[in-house]
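Let's take a walk through a protein model together. Keep the picture open beside you and follow along.

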Amino acid sequence: MRNSISNPKKDLAYKLLGVLLIILFWQLLSMIYLSVLVPSPAETLSALRQLLLSGEITRNLSISFQRQFTGLLLGVMAGIITGLLAGLKRSIELIMSPLVKCLMTIPAVIFVVMAMVWFGMGSVMAVFIVALLVFPIMHVNIVEGFKSIDAAYLQMARVYRVPLKIRFRKIYLPGVMHSFLAGISLAVASSIRLTIMAELLGAREGMGQKIAISRSYLQTDHLFAWVLVLIFIVFTLDWLFIRPLNRMANRWKAPN
């Protein structure tokens, strides 16, 4: 039987051991294969230092974050609006269902190719992709939040003819909040991958475009360096935003 009591220091030690094993395995591969295929950790850190000193990382990070944030904001706003309407009116949910299912099942790369045809290569295309594919995440989470509300509360509100404003504040908002926070958490994580993918396939600037250039010119050390930057960004966002949002969502879900 698994021990349910966790030891933070011991857990951290195991995580550090896992990181160390990855680095050792990476070093071993770099000794077996040519550096053009697998650069060593030292070579990757040297390339990372060059990118930092040249300002390339700062410049492209700024571009990618602007695209991510703009697309995330637009997608979240659209998902909240349609999710609220669909949660309140089942007919709207059914009307929106085919569109939402298409957006969630069709591979994202298809939409990237279509957006490149419509908008060309650049920020508009990347923002469009992020907003388009973040939208169904928020929409579905908001709708599911409405469905999780206890039907007895809704029945009581109808019987006593409680005004919509009071129902929204006392019943709908608390019922939807857990799903809303969970949706935001998932949307933030997804927007990073979508931004990089859009830039990788169809942008002239940004981290994804730099990864594409490194691959094209076989600058594998730079490629690995950009991967390290992305890993750092993902872990930072997870620590600063995603985990706190998940904790907030769990508090809302927990019974009083």
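Let's jump in at Arg 67. At 3% relative accessibility, Arg 67 counts as buried, because the cut-off for that label is under 20%. Keep in mind as you look that this is a predicted model.

So who does this charged side chain meet? Arg 67 pairs up with Glu 199 in a salt bridge, at 2.8 Å from N to O. Arg 67 sits in helix α3 and Glu 199 in helix α8 (residues 164–202), so the pair ties together parts that are 132 residues apart in sequence.

Now look for Glu 56 and Lys 210. Their side chains also meet in a salt bridge, with 3.6 Å from N to O. Glu 56 belongs to helix α3 (residues 56–88) and Lys 210 to helix α9, so this pair links parts that are 154 residues apart in sequence. Both Lys 210 and Glu 56 are buried.

Stay with helix α9 for a moment. This helix covers residues 207–216 and is mostly covered, with seven of its 10 residues buried. Among them are Met 207, Gly 208, Ile 211 and Ala 212. Just after α9 comes Leu 218, which takes a positive phi of about 55°.

The structure holds five salt bridges, and here's another to find. Lys 147 forms one with Glu 144, where the closest N and O atoms are 3.9 Å apart. These two are three residues apart in helix α6 (residues 123–147), so about one helical turn separates them. Salt bridges with shared partners join Glu 144 and Lys 147 with Arg 90 and Glu 93 into one network.

Time to zoom out. The protein chain has 10 helices and zero strands. Its C-alpha atoms fill a box of roughly 75 × 55 × 30 Å along the principal axes. Of the 256 residues in the chain, 38% are buried. If you take contacts between residues at least 6 apart in sequence, 73% of them join residues at least 24 apart.

Finally, check out the surface and the charges. The chain exposes about 16100 Å², with carbon and sulfur atoms supplying 69% of it. There are 25 positive and 10 negative charges, and their mean positions are 12 Å apart.

Notes:
Residues numbered from 1 in each chain as written. Predicted model: local features only at pLDDT ≥ 70, side-chain atom pairs only at ≥ 80, totals over all residues. Heavy atoms only, no water. Helix = DSSP H or I, 4+ residues; strand = E, 2+ residues; numbered from the N terminus. Buried < 20%, exposed > 50% of the residue type's maximum accessible area, 1.4 Å probe, protein only. Contact = heavy atoms within 4.5 Å. Areas by Shrake-Rupley, 256 points an atom, 1.4 Å probe, with all protein chains shown as cover. Lys, Arg positive; Asp, Glu negative; His and termini not counted. Charge placed at Lys NZ, Arg CZ, Asp CG, Glu CD. Salt bridge = Lys/Arg side-chain N within 4 Å of Asp/Glu carboxyl O.
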